[in-house]
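This report describes selected features of a predicted model.

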Amino acid sequence: MSTLRLAVPPGRAGRLWLVQRLAVARRAAGLLDRKLLVLTAELDRARATAGRTGLEWDTACREAQQALLRAVLLGGERATRLAGGGADAQVTISYTMTMGARHPAGARYSAAGPDGWDGAAVAAARQAHRAALAAAVRHAAAAAALAVIEAETNATRRRLRAVRDRWIPGLSQALAHVEFALEETERDDAARLRIVRRGPGRGGAR
């Protein structure tokens, strides 16, 4: 644990200064601990969602490849080229906040109808590829959310560790030193006061 370098005011003002900052540090540790609990639960959900959408994307890709192969075998490569064209795909991403961290909550893909030549096998291939693209969009949003939540969780864990392992012990140690010094000063002041009250002829130096 590294030693804190604190500019503590002298005397009782320093004790009050340390007491206030120690209270703030303890409240901060409590808040960070609660935030970490929420983020950890959200991180588990984000990992599960990213894993599920990743599997869905992988499955959709395999199905799209198989559908394209069937279309090429039945209609030839020229048929797939003629089926190309159409408007660009549109992706809409929605966002949410988790304990101050903004991340994707989901994504939706949409595309216009075909403009080129069509047929049963080509239509099936087009539909399979659109399903694969939609799955890719959902997984990209889930992966991005996972990255944001994971980064925020790690940052919160580091901040909590710094407060608990460095700031609170450092402030507590500094407070103990200040209180010890104040007690020593008060004892010395009390001893001098007793000597003054006794006077020079009652136990004082001759």
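In which strand does tyrosine 95 lie?

Tyrosine 95 is part of strand E1, which covers residues 90–98. Its relative accessibility is 41%. Because buried means under 20% and exposed over 50%, tyrosine 95 counts as partly exposed.

Together with Val91 and Ile93, Tyr95 makes a nonpolar surface patch of about 270 Å².

## The second largest pocket

The second largest pocket holds about 210 Å³ of space. Its lining consists of 15 residues, and those closest to the pocket centre are Thr49, Pro104, Ala105, Ala142 and Ala145.

Three elements each contribute at least two residues to the lining of this pocket: helix H1 (11–82), strand E2 (101–110) and helix H2 (120–198). By residue class, the lining of the second largest pocket comprises eight nonpolar, four polar and three charged residues.

Valine 38 is located in helix H1. With a relative accessible area of 38%, valine 38 is partly exposed, since this class lies between the buried limit of 20% and the exposed limit of 50%.

How many residues apart along the chain are valine 38 and threonine 153, and what distance separates their C-alpha atoms? The two residues are 115 residues apart along the chain, and their C-alpha atoms are separated by 9.2 Å.

Notes:
Residues numbered from 1 in each chain as written. Predicted model: local features only at pLDDT ≥ 70, side-chain atom pairs only at ≥ 80, totals over all residues. Heavy atoms only, no water. 1 Å grid on protein atoms, 1.4 Å probe; cavity = no way out; pocket = protein on both sides within 12 Å on 5 of 7 lines; lining within 4 Å. Points joined across faces, edges and corners; volume = space filled by probe spheres on them. Helix = DSSP H or I, 4+ residues; strand = E, 2+ residues; numbered from the N terminus. Nonpolar A, V, L, I, M, F, W, Y, C, P; charged D, E, K, R; others polar. Patch = residues over 30% accessible without salt bridge, like charges linked within 9 Å, V, L, I, M, F, W, Y side chains within 5 Å. Areas by Shrake-Rupley, 256 points an atom, 1.4 Å probe, with all protein chains shown as cover. Salt bridge = Lys/Arg side-chain N within 4 Å of Asp/Glu carboxyl O. Buried < 20%, exposed > 50% of the residue type's maximum accessible area, 1.4 Å probe, protein only.
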